[in-house]
Amino acid sequence: MKAVLNVKGTKLSVVGLNIHEDKFTSVQVLDAAGKVTTHYDSKHAPYVPEGASVINLKEALEFPDANKEIVEELNQLLVDSRDHLKDLGEQIIQEVLVHDGLPFGDSALPNLVKEYKEHRDYIDGVESALEVVKRDNYA
């Protein structure tokens, strides 16, 4: 997973991350000239040398490969979920055909319809999550 640091629109390749108590405190990046420079977090760096670059690392750090993997996983989840939804729809149709003109008392239809609706809501949630990841990654 390759990280980049976005500094005023310039994306610099991250070669080192320093973390303290699950917070990024500083990063080392490779600039265009091939020189390694350090940028310190404005909120979590315990020590910042005088004249050093201080930025909000939470906003400036990007992990494009991680977002790409998330997008691929969510897309596959959507494909699988839509297939399952199609199967549920076919089961509902079969249940209706089997009970044609008969009461649905002992039928699995109410449970199938409930599961279908819940799974449709689940798919809507996955689609929303996918849109958020895409927006954050490609905005």
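Me: Why does aspartate 124 count as partly exposed?

Reply: Its relative accessibility is 33%. Buried means under 20% relative accessible area, exposed over 50%, and partly exposed in between (1.4 Å probe, protein chains only), so 33% puts aspartate 124 in the middle class. Bear in mind that this is a predicted model, in which local features need pLDDT of at least 70 and side-chain atom pairs count only at pLDDT 80 or more, while totals for chains, interfaces and linings use all residues. Residues are numbered from 1 along each chain as its sequence is written, and side-chain values use heavy atoms, with hydrogens and water left out.

Me: What makes aspartate 124 and arginine 120 a salt bridge?

Reply: Their side chains meet at 2.7 Å, N to O. The term asks for a side-chain nitrogen of Lys or Arg within 4 Å of a carboxyl oxygen of Asp or Glu, so the pair qualifies at 2.7 Å. In general, side chains of opposite charge can pair when their charged atoms come close. Both residues lie in helix α3, four residues apart, about one turn of the helix. (Helices are DSSP runs of H or I with at least four residues, strands are runs of E with at least two, and both are numbered from the N terminus.) Arginine 120 is partly exposed, because its relative accessibility is 29%.

Me: How do you know which residues are joined into one network?

Reply: By following the shared partners. Arginine 120 also meets glutamate 127 in a salt bridge, at 3.8 Å from N to O. Salt bridges that share partners then join Arg82, Arg120, Asp124 and Glu127 into one network. A search of the whole structure finds five salt bridges.

Me: What makes the pair of glutamate 127 and arginine 82 a tie between parts of the chain?

Reply: Their closest N and O atoms are 2.4 Å apart, in a salt bridge. Glutamate 127 lies in helix α3 (residues 109–138) and arginine 82 in helix α2, so the pair ties together parts that are 45 residues apart in sequence. Glutamate 127 counts as partly exposed at 23% relative accessibility, and arginine 82 does so at 41%.

Me: What makes a patch of negative charge on the surface?

Reply: Here Asp80, Asp83, Asp87 and Glu90 gather in one. Patch members have over 30% relative accessible area and no salt bridge, with like charges joined within 9 Å and nonpolar side chains (Val, Leu, Ile, Met, Phe, Trp, Tyr) within 5 Å. Asp and Glu count as negative, Lys and Arg as positive, and His and the chain ends are not counted; the charge is placed at CG of Asp, CD of Glu, NZ of Lys or CZ of Arg. Aspartate 87, in helix α2 (residues 64–98), has 38% relative accessible area, so it is partly exposed.

Me: And which residues make the nonpolar surface patch?

Reply: Val15, Leu30 and Val36 make it, over about 240 Å² (accessible areas come from the Shrake-Rupley method with a 1.4 Å probe; for residues, only the protein chains shown count as cover). Leucine 30, in strand β3 (residues 23–30), is partly exposed because its relative accessible area is 35%.
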